Amino acid sequence: QVQLVESGGGLVQAGGSLRLSCAASGSIFRLNAMGWYRQTPGKQRELVATITSGGITNYADSVKGRFTISRDNAKNTVYLQMNSLKPEDTAVYYCNAEGQRHGLYLPFSSWGQGTQVTVSS
């Protein structure tokens, strides 16, 4: 089993910054892509940013130039630095990780519990 634990959410004023962290633990043989998604009530979960094990990144157009995703492979941790936050960034942010488990090297895709980010105007 693979667990993801997120931290760093909170309340911030528009224009401010927050940094989210997500640490993966458990029966991990290899971590491939990791990413951040967000969801607001009544809407589908949407991609915010992803990063491969080699450091290739992908961003939603709405966050390009403001958010930066990074990872520490030695710590199995992914980060999301969020700058110039806007009220429309308010959402529950979820971490996702894909990879292979120890043993039979079966693939997995795991989600964190979510962390609330609220941006006030």
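What share of the contacts between residues at least 6 apart in sequence joins residues at least 24 apart? In this protein it is 56%, where contact means heavy atoms within 4.5 Å.

1. Basis. This is a predicted model: local features need pLDDT of at least 70, side-chain atom pairs count only at pLDDT 80 or more, and totals for chains, interfaces and linings use all residues. Residues are numbered from 1 along each chain as its sequence is written, and side-chain values use heavy atoms, with hydrogens and water left out.

2. Fold content. The protein has 11 strands and zero helices. Strands are DSSP runs of E, at least two residues; helices are runs of H or I, at least four; both are numbered from the N terminus. The radius of gyration is 14 Å, close to the 14 Å of the globule rule for 121 residues, so the protein is as compact as a globular protein of that length. The radius is taken over C-alpha atoms, and the rule is 2.2 Å times the number of residues to the power 0.38.

3. Burial and core. Buried residues (under 20% relative accessible area, 1.4 Å probe, protein chains only) make up 40% of the 121. The largest nonpolar core holds 30 residues; W36, L80, M82 and Y93 touch the most other members. Such a core is a set of buried Ala, Val, Leu, Ile, Met, Phe, Trp, Tyr and Cys residues joined through side-chain atoms within 4.5 Å. Strands supplying at least two core residues each include strand 4 (28-39), strand 8 (77-82) and strand 9 (91-101).

4. Extent. The C-alpha atoms fill a box of roughly 50 × 25 × 20 Å, taken along the principal axes.

How values were computed:
Buried < 20%, exposed > 50% of the residue type's maximum accessible area, 1.4 Å probe, protein only.
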